[in-house]
Amino acid sequence: MKLSNNNASLNKLVITAGVVEANCATPAKAVEVSGGTINLNQASNVAINVPAGKNATVNYYAQKDTYSNKLTGAGTVTVYYPLVEGTGWKATRASLTGNWSEFEGTVKPTGVSGDGRFCLNNSFGIPKGTMDIASGIEVQNTAKTYKIGEVTGKGSLGGVCVFSQTSPSGANTWQVGDEGNFKFEGKVTSNSNFVKVGTGKMTVAGVWDNTGTVKVNEGELHFNSGSSLGTGVLTVAEGAVLSGATSTAVTLKNSMYTINGTVQVGATATAVIGVLDFGSKNVTFNSGSVYRVGVRRCATATNSGGTSIQGIKKLTMNGTISVFMNDSYEPVDGDSVRLWVSDTFAGTPEFDLPALGNSLVWDTSRIAEGLLFIKYDPTGIDAIAADEEVNVAVISTNGTVIGNFTSACGDVDEVFKSMDIPSGVYLLNVRGKSASGVKKIVK
C-alpha cells in the first residue's frame with residue numbers, strides 16, 4: 001500500500017502484514033506495526049508502536065532527512081539506516097533523533113550492505129530495551145551519552161558519526177546494563193567510552209579496541225577468556241564487580257586499572273582456577289576494594305594454587321584480600337598460595353582469610369611477594385589439657401553457627417559426633433581458659 005498524502009485526521013494506522021510505502025511525513029497520528037513493514041521515504045515524526053510479541057520492520061529510506069519518530073512497545077523491530085552513496089564512497093546524512101526511551105523490546109539495527117553504519121543523533125537512549133547488533137553493523141552517535149538496557153549480538157558500539165564535512169568533537173559514551181544478565185559477543189570500538197550500569201551481569205565475549213575509558217559503575221562486568229576491554233583507563237566503582245580470566249594469547253590491554261569495588265578471577269564466583277593478566281600495567285586497589293581469591297591446592301613453581309592476577313607493573317594493594325577454599329583442599333603445615341605476580345608492590349592490605357583448623361594459621365609476612373603461607377601453631381587447641389573444660393561453637397562451611405556445647409577438651413570429638421546434625425564438613429571453634437583454636441571435622 002502506498003500513502004502519498006498526509007493523514008493527520010487518522011488516529012492510528014495499524015499494519016499487520018505486507019509493506020506500507022509512506023511517501024508522506026504523517027501517514028497517521030500514530031502507527032502500530034504488529035507485523036510487516038513500513039517504509040518511511042521522507043522525514044517523519046510519527047509515533048511508532050511495536051506491541052509485545054510482534055515482529056516489525058521500519059525502514060528509514062530518505063538519505064538526508066531527519067527521523068524523530070518516538071518508539072514504544074515491547075516487540076522486536078528491525079530498523080534500517082540509509083547512506084548517501086556516490087562513486088566509490090558512502091556518507092551518513094540521515095539523522096535519527098527519535099525518543100526510544102519508553103521502548104521495552106528489541107531493536108535490531110541494519111544498514112547498507114558492505115558498510116553497516118547505523119547513526120543515532122540523540123541522548124534519549126533505550127534504557128528499558130535491548131539492542132541486538134548483528135555482525136558487520138556499527139551503531140554510532142554524535143558524541144553523546146546513550147543508555148541501553150541490554151546489548152547483544154556480534155556487532156559494534158562505535159564512534160562518532162559525521163553528517164557534514166565537520167565532525168562533532170568528543171566521543172560517544174555508551175551506558176549499558178539493567179537488572180538482567182546478558183552476553184555481548186561484539187565490541188566497543190573507536191574512541192568510545194563505556195560505562196556498565198544496572199545491577200545485572202554483562203558478559204563480554206569479544207575483543208574491544210576502544211581507546212576511551214571503561215567504567216564498571218554498577219553490577220558485574222564479566223569477560224570470557226580470549227576477550228579484552230579496550231586500551232583506555234579501566235575503573236571499578238565501589239560495589240561493582242569486574243570478573244573473568246584471560247587466556248595465554250589475549251591479556252587485558254587497558255592503560256591503567258583503579259579498583260574501588262571487587263575483582264573476582266575466574267569463570268564463576270566459586271572458581272578456584274583462572275588467571276587475570278593485566279598486560280604489564282599499573283593496578284591500584286584502593287581502601288574498601290576487594291580482591292577475591294579461590295584456593296584449591298598448595299602452590300608450586302608453575303601453579304599459583306588457585307586463582308591469581310599477574311602481568312602487573314606496579315601493584316598498590318590497600319584493599320581486602322578475601323580468600324576462600326575448595327572443600328576438597330586439606331591444608332597442611334608449609335603450604336603456600338600465590339596471589340599475584342608483580343614487578344613492584346606497595347600498600348597495606350587487610351585480610352579476610354578462612355579458619356584453617358587443626359592448629360594451622362595463616363602467615364602473611366611475605367605478602368609483598370604476593371605469597372600467603374600456612375603454618376602450624378602449637379598455641380592452639382593442642383595446648384589445651386584433655387580434662388580442661390572448653391566451650392565449642394559448631395560452624396557450617398558457609399560460616400553459620402548451628403550449635404554450641406561445653407565439654408572436656410578430650411571429649412570434643414565424641415560430643416560433636418553425637419549431635420543430631422546432617423553429615424558433612426564442619427568447623428569447631430574451641431575456647432578454653434588456657435588457649436583456643438579452630439579445627440575442621442567431618443561428621
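A74 is partly exposed, with a relative accessible area of 33%, a class that lies between buried (under 20%) and exposed (over 50%), taken with a 1.4 Å probe on protein chains only. The model is predicted, so local features need pLDDT of at least 70 and side-chain atom pairs pLDDT 80 or more, while totals for chains, interfaces and linings use all residues. Residues are numbered from 1 along each chain as its sequence is written, and side-chain values use heavy atoms, without hydrogens and water.

A74 sits in the loop between β9 (71-73) and β10 (76-80); strands here are DSSP runs of E of at least two residues, numbered from the N terminus. Beyond its neighbours within four places in sequence, A74 is in contact (heavy atoms within 4.5 Å) with V50, P51, A52, G53, F103, E104 and G105. One of these, E104, is 30 residues away in sequence, yet its C-alpha lies 4.5 Å from that of A74.

Further along the chain comes a sheet. Strands of a sheet pair through backbone hydrogen bonds, either parallel or antiparallel. In this open sheet, four strands follow the order β43-β42-β44-β45 with antiparallel pairing, where a pair requires at least two DSSP bridges. β43 (401-408) and β45 (436-442) are the edge strands, each pairing on one side only. Seven bridges join β44 (residues 425-431) to β45, and N429 stands opposite V438 in β45.

The most come from β36, with three.
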